[in-house]
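Student: I am new to this structure and would like to go through it step by step. Could we take it as questions and answers?

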Amino acid sequence: ETGVTQSPTHLIKTRGQQVTLRCSSQSGHNTVSWYQQALGQGPQFIFQYYREEENGRGNFPPRFSGLQFPNYSSELNVNALELDDSALYLCASSLGGTQVDTQYFGPGTRLTVL
Amino acid sequence: AQSVTQLDSQVPVFEEAPVELRCNYSSSVSVYLFWYVQYPNQGLQLLLKYLSGSTLVKGINGFEAEFNKSQTSFHLRKPSVHISDTAEYFCAVSDGTDSWGKLQFGAGTQVVVTP
């Protein structure tokens, strides 16, 4: 069974640029959630995708957007990068369709904005 | 909205000593509770979860947690720690009212195990 994978591992961008992060969900999972973890803090929920549709969003501006593909992999896009966007971005996959879902996390993408 | 409070930001502990990490949550409605561990430069690994049933939950690596509804707490314990338990531990709650399994995390507790 393949776990959750994310790419790239690390990324350095400058303010104003755009970035795309990628996530492959665990085999059999149709739901992907994205979290932002700033240094020294707990992860914060960005949004969730279920069967290619957004299924809930946290308190993040519209410049954070996402996609889910038919194979349930997902992308997180961030436009007009700001210094505060520097963080570890975590993707989690789950079976979906139930409130008792357990999320399984990938290793994360470390984004640095200069 | 849910909130999760981890009462200790850092817990130093000697090898083979017991450790308890404290977690309190805000809601009185039905909740699902989780503990995750994060080793340096890695993602989150699920230690254990409480969904329903017995209030004492056993997880991986010898960890256990007790759900206390009246005190809205979900404290994590291990009777004897190893050097390899040095990591950041996160308590998380899902209240089932929003996205499936959406998690609200605490700020984390850094456990440092010394010989």
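Student: Where in chain A is Gln18(A) placed?
Tutor: The model is a predicted one. In it, strand E2 of chain A covers 10–13 and strand E3 covers 19–24. Gln18(A) is in the loop between strand E2 (10–13) and strand E3 (19–24) of chain A.

Student: Is Gln18(A) buried, partly exposed or exposed?
Tutor: Its relative accessible area is 37%. Buried would need a value under 20%, and exposed one over 50%. Gln18(A) is therefore partly exposed.

Student: Which side chain is joined to that of Gln18(A) by a polar contact of 3.0 Å?
Tutor: Leaving out residues up to four places away in sequence, Gln18(A) touches Lys13(A), Asn77(A), Val78(A), Asn79(A) and Leu81(A). Ala92(A) is 74 residues from Gln18(A) along the chain, and their C-alpha atoms are separated by 22 Å. The polar contact of 3.0 Å joins the side chain of Gln18(A) to that of Thr20(A).

Student: How are the rings of Phe47(A) and Tyr49(A) arranged, stacked or edge-to-face?
Tutor: The whole structure holds 13 aromatic pairs over all chains. In the pair of Phe47(A) and Tyr49(A), the ring centres are 5.4 Å apart and the planes stand at 85 degrees. Planes over 60 degrees apart count as edge-to-face. The arrangement is therefore edge-to-face.

Student: What is the relative accessible area of Tyr49(A)?
Tutor: Phe47(A) has a relative accessible area of 0%, so Phe47(A) is buried. Tyr49(A) counts as buried too, its value being 6%.

Student: How many residues apart are Tyr25(B) and Phe67(B)?
Tutor: Tyr25(B) and Phe67(B) form a stacked aromatic pair, with 6.4 Å from centre to centre and 20 degrees between the planes. Tyr25(B) is buried at 5% relative accessible area, and Phe67(B) is buried at 10%. The pair links strand E4 (residues 23–25) of chain B with strand E8 (residues 64–68) of chain B, and the two residues are 42 residues apart.

Student: Which residues form the covered face of E8(B)?
Tutor: In a regular strand the side chains alternate between the two faces of the sheet. The uncovered face of E8(B) holds Glu64(B), Glu66(B) and Asn68(B). The covered face is formed by Ala65(B) and Phe67(B).

Student: In the hairpin of E7(B) and E8(B), which residue takes a positive phi near 60 degrees?
Tutor: Strand E7 (residues 56–58) of chain B pairs with E8(B) in the antiparallel sense over three bridges. Ala65(B) in E8(B) is the bridge partner of Val57(B). The hairpin has five residues between the strands, and the one with a positive phi near 60 degrees is Asn61(B).

Student: What stands opposite Phe67(B) in E9(B)?
Tutor: E8(B) also pairs with strand E9 (residues 73–78) of chain B, in the antiparallel sense over five bridges. Their hairpin has four residues between the strands, and Thr72(B) takes a positive phi near 45 degrees there. The residue opposite Phe67(B) is Phe74(B).

Student: What area is buried between chain B and chain A?
Tutor: The contact involves 23 residues of chain B and 25 residues of chain A. Zero salt bridges are counted between the two chains. Carbon and sulfur atoms give 54% of the buried area, which is about 1900 Å².

Definitions and conventions. Residues are numbered from 1 along each chain as its sequence is written. Chains are lettered from A and ligands numbered from 1 in the order in which they are written. This is a predicted model: local features need pLDDT of at least 70, side-chain atom pairs count only at pLDDT 80 or more; totals for chains, interfaces and linings use all residues. Side-chain values use heavy atoms; hydrogens and water are left out. Rings of Phe, Tyr and Trp (its six-membered ring) pair if their centres lie within 6.5 Å; planes under 30 degrees apart count as stacked, over 60 as edge-to-face and the rest as tilted. Buried means under 20% relative accessible area, exposed over 50%, partly exposed in between (1.4 Å probe, protein chains only). Contact means heavy atoms within 4.5 Å. A polar contact is a pair of N or O atoms within 3.5 Å; within protein, one must be able to donate a hydrogen and the other to accept it, and residues adjacent in sequence count only if both atoms are side-chain atoms. Two strands pair if DSSP finds at least two bridges between them. Buried area is the accessible area (1.4 Å probe) that two parts lose on being put together, summed over both. A salt bridge is a side-chain nitrogen of Lys or Arg within 4 Å of a carboxyl oxygen of Asp or Glu.
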